[in-house]
Amino acid sequence: MNVLEKLHMQSIPVYDIASQVGWCEKQMELKHLFKAKVTVTESVKTGREAHSQLEAEVEIKVPLRPATWAERMFTEFYTAKLKIDSLSGGARVREIKLYGSINGFRLTGKVDQLQSVDGSVMISDDKFVNPEKVPWEMPLTHKVQLMLYKRMLDDIVSGSYGYQNFSRSYNTATMQLGAEFAEQARSMGVPDNQISVDAAARGFFDSAKGLRIANNLEVRYKNRGTREELKVYSLNYDKNEIDQITRFALKYWNGERQALPVPENEVYKCRSCDFYGNQCKVWWPPKG
Ligand code: SF4
């Protein structure tokens, strides 16, 4: 059984690669194996609310009511294309789902924000934290997330991952939309020959191919109570660095090695881990 099957997954989320190299690979694996055990903390809830609020500020609403996976995919691509097409003159859009591939694995992710800046499009992310928790440099988890989004968008722009790859990988030609949903699309003015997942995906990939993605990537740390901006970190994309990081991460997904726990000098991470002393006893019992 391969690792994706063991974890009941069909693709590798960017977030997981970021977590495995930036926090704890074993924790990332256990989260998938024991989904019900993971605590949704107050800070996670507040972060989700803050993200929804930001999304609502620039949301592009379409009057579609998807009821199936195929209809959700159509809606997602149709809306994402509208967002991409609106990117000019400083405009920003949020929450764009991305599909890609990494060493033969499906890769998925959701970019927090794309903003048109001086003819390019900048990728950025918002993190909501307590003021005393603002990191003194950009954590590796956030850096990897941003660099992988950039890599995925660059792959779309260069054509190394395009509509054909996506359509083959997800078998979109066989996806059917319901009659009622098709009618909703028609009443929005979508021509009949564009009412399919294939057509919506093609539209998105064609639009995204025309983007020029900036090398500069940004994370904004914001007060999770007041939403005020506390700190902004920038970094320049380094393809060699992200290739090296993903080579290491993929050894786990390829089944070349078991999930690694944190090293001894990072045992402090275990204290806030749901699995400490339960499914994970690597550093249990605590010393001293
Ligand atoms: S207890 Fe520590 S080593 Fe084990 S999964 Fe949690 S963070 Fe990782």
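**View 1. Helix 9 and its buried residues.** In helix 9, the buried residues are Ile245, Thr246, Ala249, Tyr252 and Trp253. Here, buried means that 20 or more other C-beta atoms, placed from the backbone, lie within 10 Å of a residue's own; exposed means 12 or fewer, and partly exposed is in between. This is a predicted model, in which local features need pLDDT of at least 70, side-chain atom pairs count only at pLDDT 80 or more, and totals for chains, interfaces and linings use all residues. Residues are numbered from 1 along each chain as its sequence is written. Helices (H or I, at least four residues) and strands (E, at least two) are DSSP runs, numbered from the N terminus.

**View 2. Helix 4, end to end.** Helix 4 covers residues 69-85, and its end C-alpha atoms lie 24 Å apart, which agrees with the 24 Å its 17 residues should span at 1.5 Å a residue. That expected span is 1.5 Å times one less than the number of residues. Among its buried residues are Phe74, Phe77 and Tyr78.

**View 3. Around the ligand.** Of the 14 residues around the ligand, look for Cys24, Pro261, Cys270, Cys273 and Cys280, which come nearest. A residue is near if its C-beta atom, placed from the backbone, lies within 6 Å of the molecule or strand.

**View 4. Asn223 in strand 5.** You will find Asn223 in strand 5, residues 213-223. Asn223 counts as partly exposed because it has 15 C-beta neighbours inside 10 Å. From Asn223 to Ser169 is 54 residues in sequence and 40 Å in space, C-alpha to C-alpha.
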